[in-house]
Amino acid sequence: MRDGQRLCPGRSLRLGIAAFPATLAGNCTQGGKACGYCPSLGKSAQYLSLETVLKAGKPVVIVLASGSPLNIYQGNAILQAWYPGQAGGQALASIIFGDVSPAGRLPITFLHGIDDLPPFSDYAMKKRTYRYCETEPLYPFGFGLSYTHFTYQDARYENNHVYVTVRNEGHMDGDEVVQVYARKEHPNDTLHPSLVGFKRVSIPAGETVVACVELSPWVNVVITEEGERKKCSNVTLLISGHQPDALSQRLTQTTPLEVKVTWA
């Protein structure tokens, strides 16, 4: 993940690779209270090592091995490895040297810091998850880059499925994660559109596929303050390879397709 520019395969590049284990990615405290979120490497030995690598003036790929989101933005590219297991090194090398195109998407929101979250003891949804986030994050839920580029067209809704034509415009085979979010015309809708369906599709370079995404049965349902399920008549579906927020659109330089659906 990184902002603005397309990623390029690393073959034939001389790279500095900075790998950071998750020793600082557990719970931390704020004002004596657990927050459950570790926002930064701070000025630890790991962070000082990163600064030293960056001073070399070479392109740097940061491999971030963590179980929680961290406030890392340095370098030319970031590979969020989580805890990749015994085959993780081979998988990372395949991505860094351009043998395969990355296609992962963030399953959580990377915030700038713990100030963007309520106290860990507060169980309300306010400010939590991508659906109720009130500040622009560092990296949004559903975000991820690729060595190739995909375009979308001709989206339609039919029998609780979304059909959309996706084309691989690049010169490398790749997978795309088609994501569908719902914006519901109801006062009890979430602050931001919610994910109601996704599908990963493999598309050879220069080829086009029609992706079929099955939607959640709750695509037109909201939850009231009393905890009751209510159906709404009008829903706008937003279809792309990312969340429909402003930051995702800037980072990917793409805009979601919209399909309006009405239930009687």
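Helices (H or I, at least four residues) and strands (E, at least two) are DSSP runs, numbered from the N terminus. This is a predicted model, where local features need pLDDT of at least 70, side-chain atom pairs count only at pLDDT 80 or more, and totals for chains, interfaces and linings use all residues. Residues are numbered from 1 along each chain as its sequence is written, and side-chain values use heavy atoms, leaving out hydrogens and water.

**Stop one: helix H2.** Select residues 88-96. Gly88, Leu92, Ser94, Ile95 and Ile96 are buried here (buried is under 20% relative accessible area, exposed over 50%, partly exposed in between, with a 1.4 Å probe and protein chains only). Now step just past H2 to Gly98, which has a positive phi of about 80°.

**Stop two: Lys184.** Jump to strand S8, residues 174-184, where you'll find Lys184. Is this lysine buried or exposed? Lys184 counts as buried, because its relative accessibility is 10%. Show its contacts (heavy atoms within 4.5 Å): leaving aside residues up to four places away in sequence, they include Asp189, Ser194, Trp218 and Asn234. Asn234 sits 50 residues from Lys184 in sequence, yet their C-alpha atoms are 6.3 Å apart.

**Stop three: Ser240.** Next, pick strand S13 (residues 234-240), which holds Ser240. Ser240 is buried, since its relative accessibility is 3%. Its side chain reaches the backbone oxygen of His242 at 2.9 Å. Beyond residues up to four places away in sequence, Ser240 touches Tyr152, Val177, Val178, Gln179 and Pro256.

**Stop four: the largest pocket.** A pocket is an open set of points on a 1 Å grid over the protein atoms alone, where a 1.4 Å probe fits and protein lies on both sides within 12 Å along at least five of seven lines; lining residues have an atom within 4 Å of a point. Select Arg131, Tyr132, Asn188, Thr190 and Ile223, which lie nearest the centre among the 20 lining residues. Then colour helix H3 (129-132), strand S9 (194-203) and strand S11 (221-223), each supplying at least two lining residues.

**Last stop: the cysteines.** Then try Cys212, which is partly exposed at 24% relative accessibility.

Definitions and conventions: Polar contact = N/O pair within 3.5 Å; in protein donor to acceptor, adjacent residues only side chain to side chain.
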